[in-house]
Each structure stands twice: as C-alpha cells, then as structure tokens.
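Q: Could you go through this one with me? I would like to start with side chains and then move on to the core.

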Amino acid sequence: MFVMELTYTAPLDRVDALLAEHVAWLDAQYAAGVVLASGRKNPRDGGVILAVGDSRERIEELAAGDPFVVGGVCEYRITEFLATKTAPALAAYRQDLPA
C-alpha cells in the first residue's frame, strides 16, 4: 500500500486550471482499483492519495502521469507501507509481515 502525498509547486490558479484533468485521471485510477481514497490537504497546499499497487515503480509511473505532474504544478512524495491492520472495509488489502 502507498501514501502518495502531493505538494503544490505552483500558484492555485495554475493548479485549478488542471483540476478537471487531474480529477479525470483520479477517476480512471479508482476504476482500475488502484486508488482507494483521495482528497485535498487542509490547508490547501496539496493532497493525499491512498493507493495499492504491485510495486513502488508502478506507483511512481502512475504519479508521473498525473496531469498535475505533467503540467508542472505538483511534486509527489510516495511512502510505501505494509497495511497489517485495517478497518473491516479494507480487509482485502491487509498484508502480512515478511517472514
């Protein structure tokens, strides 16, 4: 599982100009089963995405295709973690610690 933290690197007017494309990109990731949750940070200086994927490399490729990245208005910080405990609704994503 991955926490994808976005930090805006451009003024909000430039971010907002790409928002519809970013939301369409997010919708596609939800449909693909990669993104589990997403939203703006408060204060509005970026966002957070909770994602699942086979590898860090795949998640980095995914982030590189975000219209916010392509448009040069944000940077990602990606943190991988093992979801060893989850809410019942996320039980399918629960992971075991390596032996």
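Q: Is Arg56 buried, exposed or partly exposed?
A: Arg56 is partly exposed, because its relative accessible area is 30%; here buried means under 20% relative accessible area, exposed over 50%, and partly exposed in between, with a 1.4 Å probe and protein chains only. Please keep in mind that this is a predicted model, in which local features need pLDDT of at least 70 and side-chain atom pairs count only at pLDDT 80 or more, while totals for chains, interfaces and linings use all residues. Residues are numbered from 1 along each chain as its sequence is written, and side-chain values use heavy atoms, with hydrogens and water left out.

Q: Which residue does Arg56 meet in a salt bridge?
A: The partner is Glu60, at 3.0 Å from N to O, where a salt bridge is a side-chain nitrogen of Lys or Arg within 4 Å of a carboxyl oxygen of Asp or Glu. Glu60 and Arg56 both belong to helix α3, residues 56-64, and because they are 4 residues apart, about one helical turn separates them. Helices (H or I, at least four residues) and strands (E, at least two) are DSSP runs, numbered from the N terminus. Glu60 counts as partly exposed, at 36% relative accessibility.

Q: How many salt bridges does the structure hold?
A: The structure holds 6 salt bridges. Glu5, Lys41, Asp45 and Arg77 are linked in a network of them.

Q: What does Glu5 pair with, then?
A: Glu5 forms a salt bridge with Lys41, with the closest N and O atoms 3.0 Å apart. This pair links distant parts of the chain, since Glu5 lies in strand β1 (residues 2-8) and Lys41 in the loop between β2 (35-40) and β3 (46-51), 36 residues apart. The side chain of Glu5 also meets that of Arg77 in a salt bridge, at 3.3 Å from N to O.

Q: Where in the chain do the two rings sit?
A: Tyr8 is in strand β1 and Phe68 in helix α4 (residues 67-70), so the pair links parts of the chain that are distant, 60 residues apart. Both Tyr8 and Phe68 are buried.

Q: Now the largest nonpolar core: which members touch the most others?
A: Of its 21 residues, Met4, Ile49, Ile59, Phe68, Tyr76 and Ile78 touch the most other members; a nonpolar core is a set of buried Ala, Val, Leu, Ile, Met, Phe, Trp, Tyr and Cys residues joined through side-chain atoms within 4.5 Å. At least two residues of this core come from each of β1, α2 (19-31), β3, α3 and β4, and β1 gives the most, with 4 residues.

Terms used: Rings of Phe, Tyr and Trp (its six-membered ring) pair if their centres lie within 6.5 Å; planes under 30 degrees apart count as stacked, over 60 as edge-to-face and the rest as tilted.
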